[in-house]
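Open the model in your viewer and keep the selection panel at hand.

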Amino acid sequence: VGGVDDKSFNQSAWEGIQKWGADNGLKEGDGGYAYLQSKSDADYNTNLTQLLRRDFDLVFGVGFLMGDAVKEIADQRTDKKLAIIDAEVDAPNVASILFKEHEGAFLAGVVAASMSKDGKVGFIGGQSIPVIKRFEAGFVEGAKAVNPDIEIDIYYAEAFDKAELGKTAANRMYSSGIDIIFHAAGGTGNGVFTEAKERKEKDPNANVWVIGVDADQYDEGQVGDHNVTLTSMLKGVGNAVIDISDRAKAGEFPGGETIVYGLKEDGVGLADSRGAIPEDVLKTVEDYKAKIVSGEIVVPAEVK
């Protein structure tokens with residue numbers, strides 16, 4: 001519901017499909033690649049069915065909320081290939097794509113706790129569903145690894161398309177002395193950037209930062225000569241779409257399987273901070289990353 005241009009999760013998936021199409025000589029439209037946008041969950045089944053009727057070889061359901069619809073359609077159309085991102089569907093013609101968001105969010109927590117001046121940071125989630133809870137769990141764990149006494153304010157908007165809720169929550173958090181907010185809220189998170197930018201515009205010395213999500217949200221943080229984006233927790237949705245599409249084209253579609261992308265597989269990570277994060281903090285991040293990849297640190301996927 002955040003839209004294909006949410007500057008985040010949906011957009012990453014669509015950009016992956018566009019890139020795969022371009023690399024394989026396809027054009028947008030029937031016989032090539034396309035997307036349908038759902039305004040509510042009532043559209044999921046209809047849109048999936050419509051794309052299958054248009055004879056696309058592979059159809060992606062983008063997001064945890066589409067899991068039930070993908071399962072229902074897959075059971076009806078056993079001759080078709082589907083994939084679901086951020087959920088697991090038990091069907092031989094569905095590839096399930098998951099990410100270890102908690103591993104990437106751990107690194108975001110390390111950055112936040114290392115750079116917060118007052119030891120107070122915030123997390124704004126879209127809906128309290130398993131995938132977003134993984135972001136929260138990792139962020140909290142990473143922040144506490146650096147500073148066991150860190151104060152973390154958690155807020156769930158229960159919506160991915162309500163920028164006004166993100167803005168209101170960010171206003172409350174920044175007003176309470178929080179200086180860094182990590183959002184995992186899709187379009188709702190756009191409001192976090194709006195609030196931070198408004199504060200920076202009024203006072204260029206305001207110590208307010210946003211950690212973006214899914215895609216590199218640096219451009220979202222630009223306000224005059226300043227930028228409020230500290231970094232972004234990248235989630236390789238586009239890369240996963242390309243990977244599964246490549247496998248399908250090669251006749252190796254992983255139907256019935258769950259493919260998981262973590263730090264080790266470069267499925268998650270942090271975006272270039274463009275100088276906003278000092279070298280000593282970046283080194284700390286790399287140290288923690290190496291320990292996670294090696295298995296020395298196992299990041300919990302659920303909030304403790």
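Two strands pair if DSSP finds at least two bridges between them. Helices (H or I, at least four residues) and strands (E, at least two) are DSSP runs, numbered from the N terminus. This is a predicted model, where local features need pLDDT of at least 70, side-chain atom pairs count only at pLDDT 80 or more, and totals for chains, interfaces and linings use all residues. Residues are numbered from 1 along each chain as its sequence is written, and side-chain values use heavy atoms, with hydrogens and water left out.

**Stop one: β10.** Select residues 229-235. This is strand β10, and 6 of its 7 residues are buried. Buried means under 20% relative accessible area, exposed over 50%, and partly exposed in between (1.4 Å probe, protein chains only).

β7 and β10 run parallel, joined over 5 bridges. Pick G212: its bridge partner in β10 is S232.

β12 pairs with β10 in the antiparallel sense, over 3 bridges. Pick L234: its bridge partner in β12 is G269.

**Stop two: S232.** Stay in strand β10 and centre on S232. Is S232 buried or exposed? S232 counts as buried because its relative accessible area is 0%. Show its contacts (heavy atoms within 4.5 Å). Leaving aside residues up to four places away in sequence, S232 touches I211, G212, V213, A215, D216, Q217, Y218, G269, L270 and A271.

**Stop three: two positive phi values.** Most residues other than glycine have a negative phi. Select D266, in the loop between β11 (258-261) and β12. Its phi is near 60 degrees, a positive value. D266 is exposed, at 58% relative accessibility.

Jump to D55, in the loop between α2 (44-53) and β1 (58-62). Here phi is near 70 degrees, again positive. D55 is exposed too, with a relative accessible area of 56%.

**Last stop: the whole protein.** Zoom out. There are 9 helices and 12 strands. The C-alpha trace spans about 55 × 40 × 35 Å along its principal axes. Buried residues make up 53% of the 304 residues. Of the contacts with a separation of 6 or more, 66% link residues 24 or more positions apart.
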